[in-house]
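Please look through the structure shown below before reading on. The paragraphs that follow lead through it step by step.

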Amino acid sequence: MGKTNKNNAYLKSPDLLPVGYNQRKIGIMGFFAMWVGMAILLATFDIGASGVQSIPLPWVVLATLIGCIAVGGFISIVGDIGVEHGLSFPVYMRAPFGIVGTHIPSIARAVTASFWFGLNTYFGSTAINSIIHTINSGFDNWLLCYIVFALAQLINTASGIKWVERFADFAAPIIIILSLIIYHTLTTDIVDKGGDVWAWAASPVTGGAAFTAFIIVIFANMGFWATLGCDIPTISRFFKAPKHERNWFKRNRTNLIGSLIAMPLTEAFMIMIGAAAFMVAGSSNPVDALQETASGWMLAMLLLMIILTQWSTNTAANIVPAAAIFSNVLGPKVSNAIAVFVVGIVGTIIQPWSVYEILTQALLFFGAVLSAISGILVVDYYLLRKRRVNVQELYQHNGQFRFHGGVNIVGFIAWVIGGAVAILFMDYSFIVGFVLAGAIYYVLAKHWYFKKFPQAEIEDPSDEKYLGITVGRDWVIEGNSGNSQEEVID
């Protein structure tokens with residue numbers, strides 16, 4: 001009995017308990033502001049630069065909008081797990097992968113998020129280095145800037161989700177204003193040299209090659225946000241939502257407005273800046289381009305925007321989700337604050353800036369691996385469980401989700417096959433991985449595995465027993481004396 005209680009305690013790390021109604025502080029404008037910051041980063045600029053090497057900017061922008069709206073819809077769909085039940089990504093993953101198996105795909109996501117933390121921090125540190133170098137020409141130490149910048153972001157995130165939102169609220173209007181100035185500065189330089197930002201392509205292609213280039217831009221955008229799409233519940237569990245609201249769209253409007261409006265528009269505009277930077281300096285890195293087109297206080301202000309955007313992206317899209325996963329893997333003695341610094345260490349050890357030249361290919365690869373997980377999540381939550389979850393059992397070592405020694409074999413079969421085939425069809429990786437893994441998981445789970453391991457919410461799909469905020473419930477985990485939440489069913 002003592003061992004069972006210890007194992008259960010491991011699953012009930014305080015930072016992984018369901019988030020109650022009164023603890024949800026992020027509203028529509030808060031998530032909108034977070035998206036403005038998250039969508040502006042090095043990878044976004046790189047997609048724009050890569051796109052205009054083959055097709056004109058209008059087609060690159062159109063492909064970006066299509067890809068972003070598609071993945072934004074998917075993010076909203078998965079986000080309902082957090083909104084409805086207050087569950088984070090690594091906790092819900094105990095259902096399709098098992099209480100032990102959850103660690104493997106979760107770590108894949110956490111390492112990916114840590115990769116982006118390191119890359120974005122490097123990008124921001126080069127901007128900080130340039131600002132200081134402008135003031136003091138004798139200074140040139142990006143590594144020192146990296147360490148200081150990384151610590152600032154980690155401390156901000158370790159202070160709690162509310163401080164992440166507050167920084168986003170502060171940074172968003174500054175980012176918008178300065179990004180407009182950056183775009184104007186770059187395009188003015190292009191026009192002065194006789195160029196046309198909307199008609200230029202480095203090595204224009206037509207016919208089938210143009211279509212392929214168009215599709216690659218779509219799936220590069222989708223592949224990039226597949227990383228956040230997997231674990232959006234870790235953030236969406238903090239979204240404000242009405243109780244007793246059965247209309248899915250009304251319940252998820254915070255996510256919908258942010259993911260279908262703020263993200264596509266912001267990303268498309270940043271794609272334009274990346275393309276313009278490539279036309280000016282032959283590099284997607286706006287820091288390089290701005291150093292050729294601006295100077296003095298103007299350069300310092302524009303580089304400040306680069307710093308703010310990397311900070312906003314890292315805190316919400318990378319550190320928060322990855323810290324929740326590391327906290328889940330490392331156990332209850334590792335608080336969320338400690339896990340935040342684990343993210344920083346892992347992201348630095350990886351040295352992701354060394355693969356900058358193949359960033360678009362890396363995006364497609366990450367999208368292939370994580371899209372398969374996303375397909376499994378959607379099928380498990382919507383098609384098999386129909387949004388009803390036996391939440392209490394997610395925190396039990398010997399409960400419903402133990403399966404084979406803590407591993408849901410079907411989840412891994414679907415993930416390996418779906419991810420491997422997606423990698424083979426890299427240009428279409430997101431759709432291939434999502435659909436194939438989801439289909440395999442559905443067939444094997446429904447017709448074999450869940451007959452062997454019955455799932456209570458599938459056997460008895462009761463609203464009152466297994467829905468969360470839709471029936472006014474705050475999930476309270478039994479036997480957890482440290483949980484201050486109260487179950488509310490009005």
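**Charges, rings and surface**

The structure holds 12 salt bridges. The model discussed here is a predicted one, and each value given below was computed from it.

One of these salt bridges is formed by Glu84 and Arg251, whose closest N and O atoms are 3.3 Å apart. This pair links distant parts of the chain, since Glu84 belongs to helix α4 and Arg251 to helix α12 (residues 248-251), 167 residues apart. Are these two residues buried or exposed? Glu84 counts as buried because its relative accessibility is 1%, a value under the 20% that marks a buried residue. Arg251 likewise counts as buried, at 3% relative accessibility.

A second salt bridge joins Arg109 and Asp231, with 2.5 Å between the closest N and O atoms. Arg109 lies in helix α7 (residues 103-135), and Asp231 lies in the loop between α10 and α11 (233-236), so this pair ties together parts that are 122 residues apart in sequence. Arg109 has a relative accessibility of 1% and therefore counts as buried. Asp231 is buried too, because its relative accessible area is 0%.

The salt bridge between the side chains of Asp460 and Lys465 has an N to O distance of 2.9 Å. Asp460 is partly exposed, with a relative accessible area of 32%, and Lys465 also counts as partly exposed, at 45% relative accessibility. Elsewhere, salt bridges that share partners join Asp80, Glu84, Arg251 and Arg387 into one network.

The chain as a whole may now be considered. How many helices and strands does the chain contain? There are 22 helices and 0 strands. Of the 490 residues of the chain, 61% count as buried. Among contacts between residues at least 6 apart in sequence, 84% join residues at least 24 apart. The accessible surface of the chain comes to about 18,100 Å², and 66% of this surface belongs to carbon and sulfur atoms.

Ser327 counts as buried because its relative accessible area is 1%. Which residues does Ser327 touch, if those up to four places away in sequence are not counted? Its contacts are Ser13, Asp15, Leu16, Val334, Ser335, Asn336 and Ala339.

A search of the whole structure finds 25 aromatic pairs. Trp59 lies in helix α4 (residues 57-85) and Phe214 in helix α10 (residues 207-230), so the pair ties together parts that are 155 residues apart in sequence. Trp59 counts as partly exposed because its relative accessibility is 49%. Phe214, by contrast, is buried, with a relative accessible area of 14%.

Trp248 and Phe249 form another edge-to-face pair, with 5.2 Å between the centres and 85° between the planes. Trp248 is buried, as its relative accessible area is 18%, whereas Phe249 is exposed, with a relative accessible area of 56%. Rings also gather in a group: Phe401, Phe403, Tyr441, Trp448, Tyr449, Phe450 and Phe453 form one aromatic cluster.

The charged end of Arg166 sits over the ring of Trp163, at 4.6 Å from its centre. Arg94 lies over the face of Tyr395, at 5.4 Å from the ring centre.

The last topic is the surface. Trp142, Leu143, Ile147, Leu151, Ile155 and Phe341 form a nonpolar patch there, and together they have about 520 Å² of accessible area. Which helix supplies the largest share of this patch? The largest share, 5 residues, comes from helix α8 (residues 142-158). Leu151 is found in this helix, α8. Leu151 counts as partly exposed because its relative accessible area is 41%, which lies over the 30% that a residue needs to belong to a patch.

Terms used:
Residues are numbered from 1 along each chain as its sequence is written. This is a predicted model: local features need pLDDT of at least 70, side-chain atom pairs count only at pLDDT 80 or more; totals for chains, interfaces and linings use all residues. Side-chain values use heavy atoms; hydrogens and water are left out. Patches are made of residues with over 30% relative accessible area and no salt bridge: like charges are joined within 9 Å, nonpolar side chains (Val, Leu, Ile, Met, Phe, Trp, Tyr) within 5 Å. Accessible areas come from the Shrake-Rupley method with a 1.4 Å probe; for residues, only the protein chains shown count as cover. A salt bridge is a side-chain nitrogen of Lys or Arg within 4 Å of a carboxyl oxygen of Asp or Glu. Helices (H or I, at least four residues) and strands (E, at least two) are DSSP runs, numbered from the N terminus. Buried means under 20% relative accessible area, exposed over 50%, partly exposed in between (1.4 Å probe, protein chains only). Rings of Phe, Tyr and Trp (its six-membered ring) pair if their centres lie within 6.5 Å; planes under 30 degrees apart count as stacked, over 60 as edge-to-face and the rest as tilted. A charge sits over a ring if NZ of Lys or CZ of Arg is within 6 Å of the ring centre and within 35 degrees of the ring normal. Contact means heavy atoms within 4.5 Å.
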